[in-house]
Structures are given as C-alpha cells and as structure tokens.
Amino acid sequence: MKHKMICLIIFLGFLFVTGFPDANTDTGTVPDANSQLEKVKAIFKKSCTGCHGGLKPDQELNLEPATMMSDTVNVSSMEKTDLKLINTADPSMSYLLMKIKGDPNIVGKRMPKRKKPLADEAIKTIEEWIMSLKET
Ligand code: HEC
C-alpha cells in the first residue's frame, strides 16, 4: 500500500515536471506563433522587466507577460510619437525592434539599458515574432 502511494506521488511529480501529455501541441519542428510568443516573454522577463515592470515601469512600458502585448502592439512610442512600439501594418517600422537593435535614429539608449545588447539569437526571435504579427 505504502509502495503504491510512493509510486503515485512519483508519477504525479513526473507529470508536473514534464507537463501533461497532449497539453503541448508544439511538435518542435515548426516554430508556431505560440511557442515564439513564449520565447519572447522569457527574453523580456530575463532582460527587460527589471525596469519595464512592477508598479512604475520605465517609460510606462510594462513588458511582463500579462501586459507585454497590450503595452506594445499598435501602441505609440513615447520617445518617437510618430512610431508604434510594434506596428502590425508595417512590422519593420516597430520602434521596439529599433531600440533593441540600436538603430541610429532611436532617442535615448539601446535596450536593454545599462546591459550588454541582446544576443543575436534573442533579437532574431523577437524580430520573427513581430513580423509574424503582420496584418495582411
Ligand atoms: C536598466 C533599466 C532598463 C532595462 C533593463 C530596459 N529598459 Fe527599456 N527603457 C528604460 C528607460 C529608462 C527608457 C527611457 C529612456 C531611454 O530610452 O533611454 C526605456 C525606453 C524603452 C523603450 C521606448 C519606449 C517608448 O515608449 O518610446 C522601449 C521600446 C524599451 N525601453 C524596450 C526595452 C526592452 C525590449 C528591454 C529588454 C530587452 C528593455 N527596454 C530593458 C529602462 C530600461
């Protein structure tokens, strides 16, 4: 009896760690929009939310998972009011992208501020995700 309980606990623990079967439809071959979004959230969490998070986020831009879409998608930049942080009509004109790439036309600093620039791979992930939001 005790042995069965231990087996059950280990089994449940295993499910908890690996995720329930079927819960993840990502095949790992095609980067579907959802896994791309999760990667972007992870990058923001690691490199941005220290400043762009909490109750008083820098530049009123909150990049925490719950607000990163509503605070960026088709929202005007405060620094360059004629540009959107993420522009779904013309993704390459997204100011957020310019800020992480260090475009010569940005106002203020390249992001993440006071840190090393993001790795090329991370910039590519964010860029691909922004491009995928293009409205046709
Ligand atoms: C050390 C704090 C800090 C970190 C880390 C940081 N930022 Fe910023 N961010 C700021 C400040 C302060 C400003 C305004 C001044 C400036 O642009 O230099 C700003 C401005 C911005 C703007 C312009 C907002 C607008 O409305 O025009 C964007 C976009 C941005 N950050 C994105 C990011 C992203 C993406 C990351 C992570 C890769 C990041 N930031 C990391 C502090 C930070």
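Predicted model: local features only at pLDDT ≥ 70, side-chain atom pairs only at ≥ 80, totals over all residues.

Reader: How many helices and how many strands does the protein have?

Author: There are 4 helices and 0 strands.

Reader: Which residues of α4 are buried?

Author: Ile126, Trp129 and Ile130 are. Looking down the axis of α4, the buried residues fall within an arc of 100°, so they line one face of the helix. Asp120, Glu121 and Lys124, on the other side of α4, are exposed.

Reader: What about the inside of the protein?

Author: Here's the general idea: in soluble globular proteins, nonpolar side chains tend to be buried together. In this case, the largest nonpolar core has 18 residues, and Val40, Ile43, Phe44, Leu63, Leu96, Ile100 and Ile126 have the most contacts inside it. The elements giving two or more residues to this core are α2, α3 and α4. Helix α3 gives the most, with 4 residues.

Reader: Which residues does isoleucine 126 touch?

Author: Leaving aside residues up to four places away in sequence, isoleucine 126 touches Val40, Ile43, Leu97 and Ile100.

Reader: And the ligand? Which residues come nearest?

Author: Of the 24 residues around the ligand, the nearest are Cys48, Cys51, Ser77, Gly108 and Met111. The shell divides into 11 nonpolar, 6 polar and 7 charged residues. Helix α3, residues 95-101, supplies the largest share of that shell, 4 residues.

Reader: Where is there a cis peptide bond?

Author: Look between methionine 111 and proline 112, where omega is about 0°. Proline 112 sits in the loop between α3 and α4.

Reader: Now the backbone angles. What is phi of glutamate 60 near?

Author: It is near 50°, a positive value in a residue other than glycine. Glutamate 60 lies in the loop between α2 and α3.

Reader: Why does glutamate 60 count as exposed?

Author: Count the neighbours: glutamate 60 has 10 C-beta neighbours inside 10 Å, and a residue is exposed at 12 or fewer. Asparagine 74 also has a positive phi, about 60°, and is placed in the loop between α2 and α3. With 14 C-beta neighbours inside 10 Å, asparagine 74 counts as partly exposed.

Terms used: Residues numbered from 1 in each chain as written. Near = placed C-beta within 6 Å. Nonpolar A, V, L, I, M, F, W, Y, C, P; charged D, E, K, R; others polar. Buried ≥ 20, exposed ≤ 12 C-beta atoms within 10 Å, placed from the backbone. Arc of directions from axis to C-beta. Core = buried A, V, L, I, M, F, W, Y, C linked by C-beta atoms within 7 Å. Contact = placed C-beta atoms within 7 Å.
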